[in-house]
Amino acid sequence: MAPSIWWIRRDIRLTDNPALHAALANGDGVIPLFILDPKLWRGRWFSQRRGNFLFSNLKSLDTELRKRGSQLIIRQGQPKQQLSALVQKFEVNAIFSEEDLTPYARERDSQIAETLPLNLVGNTSLHYPSSILKNDGTPYKVYTPFMRRWKEKPPPTPFDILSAPNHIPTPKGIASQPLPEISYNSDKTGFPPGEKTAQEILAAFADGPHAPIFSYQESQNRPDLNSTSKLSPYFRFGLISIRQAVTTAFSAIQAAKNDNQRNSAETWLNELIWREFFNYILYHYPNSLHQSFRKEFRDLPWINDEEDFSAWKAGRTGFPMVDAAMRQLVDTGWMHNRTRMVTASFLVKNLLIDWRWGEAWFMKNLIDGDPAANNGGWQWVAGTGTDAAPYFRIFNPITQGQKFDPSGKYIRRWVPELHSVPDRYIHTPWKMSPSEQQSAKCLIGTDYPEQIIDLQFSRQRTLDAYQKARS
Ligand SMILES: Cc1cc2nc3c(=O)[nH]c(=O)nc-3n(C[C@H](O)[C@H](O)[C@H](O)COP(=O)(O)OP(=O)(O)OC[C@H]3O[C@@H](n4cnc5c(N)ncnc54)[C@H](O)[C@@H]3O)c2cc1C
């Protein structure tokens, strides 16, 4: 028998990996292969930071493979050519991969499958998008009915989770190219690489009677509390399977001691279903990656002021909650969900800058940057998407800060010039008198910027623009 190829894409893990298991069952040895595709590697959304996280994870996978008698084979180049060369040289009988549901990956795979024995096993969602449809056979466009239908499907159980294989036989003498130079500092990002880390984070979040999953509902919106799982970078590269996360959520729902705990675990499950939903939307409506889903909002009169955009990117808008979050993004490559909504709303609905500019900046900086979730999030906030916040919902960055970072702990962490500003001014530092500014060592306009926009004026301007577009 000939070996099979386990072509790794967004499933950099040994635990619960159906494609790896299929490759093991089917071939006389497995070639674990990762191809650095120049299309993605140098594409418009390439992010050096996310690339470094990816390479660190590949390195860690290679270490694990070597403990099991195998090794990771790296190839650079066009995937079809690289696969063809290996298939011919090693008389490979089949290629096994987890299906990536993004438009580019689907197109690439369907072309490869025309001439090579590519088998797609499992996918980046738990439930395949075409398996959840309305009674009339069309896809859902609204989250809540989608979520209900999703929950009607039989849930996975812990018995479904496939263990990591102990031994992976790999033919000797297959040349591997080096990974690009890695400069990844997990002390800075807070996301150490590796499948083992992902397992530890999930366990810390969900194991035991006082685990954070049981208080998620009260704390999930508080960026100052660090209370969400922070698993998103690990889901992005499949360092842990979505099936395992869903199973963990169902187990927590079962184990909950009271309604509060049950609702919290259920709320976390619902977040995982948001991830499924945005994968689903991109699968059924791939064009939403390039344009507003809602036709009436495709020609909004964006202002797209470059100076405003630069201030937003640098966290120098004069609005502390926005600035803290934008600096957290640039410093670490991650941002809390609440502040993703606040900063996105500020860009689109106060500065009237095209949501696609913000989407691209997030993709450039986020370690968890994911085409489906990011596009879905931006279009939701912009009010242009499928299940969008209504266009007239505009987050107020001051009241959002007061509600979700009441003492200003989060703001002070990321905007050091506001460190000594008294609590009562932390969300509105421009209200300090000149002498208060002196004693807080924070002169507005010198140490910290003045507000770049008037909230009331810009809110009305946006409402007018959206209303005009609708009519
Ligand atoms: C403008 C905007 C852009 C976003 N861009 C991305 C992105 O590029 N990549 C990304 O993974 N998420 C994105 N999100 C969703 C969300 O902000 C992050 O998934 C979440 O903050 C990750 O933190 P966590 O792992 O601690 O999440 P938890 O609160 O612990 O949730 C668990 C998991 O559920 C999923 N999830 C939670 N909320 C959402 C959501 N709203 N949409 C989709 N999946 C969700 C994530 O996989 C997350 O890891 C975006 C949201 C907005 C508003």
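1. The lining of the second largest cavity splits into three nonpolar, three polar and three charged residues. Here Ala, Val, Leu, Ile, Met, Phe, Trp, Tyr, Cys and Pro count as nonpolar, Asp, Glu, Lys and Arg as charged, and the others, Gly among them, as polar. A cavity is a set of points, on a 1 Å grid over the protein atoms alone, where a 1.4 Å probe fits but cannot get out. Lining residues have an atom within 4 Å of a point.

2. The model is predicted: local features need pLDDT of at least 70, side-chain atom pairs count only at pLDDT 80 or more, and totals for chains, interfaces and linings use all residues. Residues are numbered from 1 along each chain as its sequence is written, and side-chain values use heavy atoms, without hydrogens and water.

3. Which residues line the second largest cavity? They are Arg10, Asp100, Leu101, Thr102, Thr124, Asn279, Leu282, Asp370 and Ala372. Its volume is about 50 Å³. A volume is the space filled by probe spheres set on the points, with grid points joined across faces, edges and corners.

4. The structure has three cavities of 30 Å³ or more.

5. The largest cavity has 15 lining residues. Phe278, Ile281, Asn375, Gly376 and Thr386 lie nearest its centre. By class, eight are nonpolar, six polar and one charged in this lining.

6. Helix α17 (371-382) supplies at least two residues of the lining of the largest cavity, and so does α12 (259-284). The largest share, five residues, comes from α17. Helices are DSSP runs (H or I, at least four residues), numbered from the N terminus.

7. Where does the largest cavity lie? It lies between domain 2 (125-161 + 195-284) and domain 3 (295-470), because both give residues to its lining. The domain bounds come from an automatic or database domain assignment.

Notes: 1 Å grid on protein atoms, 1.4 Å probe; cavity = no way out; pocket = protein on both sides within 12 Å on 5 of 7 lines; lining within 4 Å.
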